[in-house]
Amino acid sequence: MRKNRGRTGRKRRRKQFSNLPSNGVNQSHKLEYIQLRKWLKERGFDDRNLRPAQFSDTGRGLMTTKTFQAGELIISLPEKCLLTTGTVLSSYLGENIAKWKPPISPLIALCTFLIAEKYAGEQSVWKPYLDVLPKTYKCPVCLEQEVVRLLPEPLRRKAQEQRTVVQELYTSSKTFFSSLQSLFTENVETVFNYDALKWAWCTINTRTVYMKHSQRECFSREPDVFALAPYLDLLNHSPNVQVKAAFNEQTRCYEIRTDSHCRRHEELFISYGPHDNQKLLLEYGFVAINNPQSAVYVSADVLLKYLFSADKQRNMKLSILKDHNLLENLTFGRDGPSWRLLTALKLLCLGADEFTYWKKVLLGDIISARNEERSLNIAAKICFSLIEETQHILHQISQMKKDKVNLENQLALVEVLCLEDLTILQTSAEILYNLHTAIT
């Protein structure tokens, strides 16, 4: 018998992992993870290099038990472990989906399966995976309206759009859900309620990997590109790492290779993409601290506040900016105002005697010292206005945390976003001051 395989050995290893310098506390001894790993092993996945752990800064994630070198394969999950529309069609739902007209979307098929399997409880083949899925999410669709109102633009608008999308998805799917009544003893309106669909939608939106499937006649023409990947989906995002991820047709596994070095007993990160914090909160329900991709957006409405109302070329300038897509994605970043924002401001600040040079502005040419100074002044005014607005929201959050204890977690999420925004704006204000000083 090999040493350290008994109860004493397990306790020793558990203690070893729970006192790691990375603040990762090993969770692999917990029943839900034991059952998940057993379930995955039956499907051909038996990884020994990653362990579920709880981290002080990122929450639940995967910790390494070995050092990973750049370019090394970090995880290879067999096709049998993946939950796709193929899984749904081969289940008890398949016949109903195949007969239903007009065809449902791949997304609704997956949502339906998740809701039905969660309802099945102990009878579900997928129970070990369902047991480790989050019970709740922090995507904007799950936030209370009073919290959504605290979000900055354009995230606030996109949050409302997300809520509308999910509500319309539920409404348009009710008839299909009703067709499944023969499969359930309980009323399907109880099983497939709005909260259940919202949970399933968030699960798919936040946890699936991209995996393209061939078009099936039983589905609508919407792209069938989702795959839920148990265990792999415990990997957290970092904006500072790069990975290569894809389904390998030869090995029939979904594989991820890291471009970064990761030491033993550290949290292993992957990248969900080059997203700023507004995008991360919208799509995944979290914010990345010190995210180099992050930016504070300046809406067209804010821009218009600082336009000269008496400017006779005002409408023409706005038309030029619109034609060149320069009224969107205007931002302040960690390196100051973006080229797009400064270019838009320089064009708007052109004097009547300078307007004929607008094409040169778009090419990045300096038109005059007066134009440079005006555009920097307005950029500074916008920046300070956004600083005041962000500080006001932070004050509101502070008050609400005292009065609305039940919203503490949601408010904390928005607070982190606002604090990151405030840091960016204060850095931008300093950069703008230095730029202005250099030209005066």
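**Backbone, positive phi.** I started with Tyr-231, which sits in the loop between strand S6 (226-228) and strand S7 (236-237). This is a predicted model, so I kept that in mind while reading angles. Tyr-231 is not a glycine, yet its phi is positive, about 75°. Buried or exposed, I wondered about Tyr-231? Its relative accessibility is 1%, and with the cut-off for buried at under 20%, Tyr-231 counts as buried.

Next I went to the loop between strand S8 (243-248) and strand S9 (253-258), where Arg-252 lies. Arg-252 has a positive phi as well, near 55°, and is likewise a residue other than glycine. I looked up its accessibility too: the relative accessible area of Arg-252 is 35%, so I noted it as partly exposed.

**Backbone, cis bonds.** The bond from Lys-101 to Pro-102 is cis, with omega near -5°. Pro-102 belongs to the loop between helix H4 (94-99) and H5. I also wrote down Glu-153 and Pro-154, which are joined by a cis peptide bond with omega about 0°. Here Pro-154 is in the loop between helix H7 (145-148) and helix H8 (155-178).

**Rings.** How many aromatic pairs does the structure hold? I got 13. I looked closely at Phe-113 and Trp-126: ring centres 6.4 Å apart and planes at 85°, so I put the pair down as edge-to-face. The pair links distant parts of the chain, with Phe-113 in helix H5 (residues 106-120) and Trp-126 in the loop between H5 and helix H6 (127-130), 13 residues apart. Phe-113 is buried at 3% relative accessibility, and Trp-126 is buried with a relative accessible area of 9%.

Then I turned to Tyr-284 and Phe-286, an aromatic pair that is tilted, at 6.2 Å centre to centre with 40° between the planes. Tyr-284 has a relative accessible area of 22%, which makes it partly exposed. Phe-286 comes out as partly exposed at 23% relative accessibility.

I also wanted to know which residues form one aromatic cluster. My list reads Trp-100, Tyr-119, Phe-176, Phe-177, Phe-184 and Phe-192.

**Empty space.** Rolling a probe the size of a water molecule over the atoms shows where empty space is left. I found one cavity of 30 Å³ or more in the structure. The largest cavity has a volume of about 30 Å³. What lines it? I noted Tyr-306, Leu-307, Phe-308, Leu-345, Leu-348, Cys-349 and Ile-378. By class, the lining of the largest cavity has seven nonpolar residues, no polar and no charged ones.

**Confidence.** Last, I checked how far the prediction backs itself. The chain has a mean pLDDT of 92, and 95% of its residues reach 70 or more.

Technical notes:
Residues are numbered from 1 along each chain as its sequence is written. This is a predicted model: local features need pLDDT of at least 70, side-chain atom pairs count only at pLDDT 80 or more; totals for chains, interfaces and linings use all residues. Side-chain values use heavy atoms; hydrogens and water are left out. On a 1 Å grid over the protein atoms alone, a cavity is a set of points where a 1.4 Å probe fits but cannot get out, and a pocket is an open set with protein on both sides within 12 Å along at least five of seven lines; lining residues have an atom within 4 Å of a point. Grid points are joined across faces, edges and corners, and a volume is the space filled by probe spheres set on the points. Ala, Val, Leu, Ile, Met, Phe, Trp, Tyr, Cys and Pro count as nonpolar, Asp, Glu, Lys and Arg as charged, and the others, Gly among them, as polar. pLDDT is the predictor's confidence in each residue, from 0 to 100. Rings of Phe, Tyr and Trp (its six-membered ring) pair if their centres lie within 6.5 Å; planes under 30 degrees apart count as stacked, over 60 as edge-to-face and the rest as tilted. Helices (H or I, at least four residues) and strands (E, at least two) are DSSP runs, numbered from the N terminus. Buried means under 20% relative accessible area, exposed over 50%, partly exposed in between (1.4 Å probe, protein chains only).
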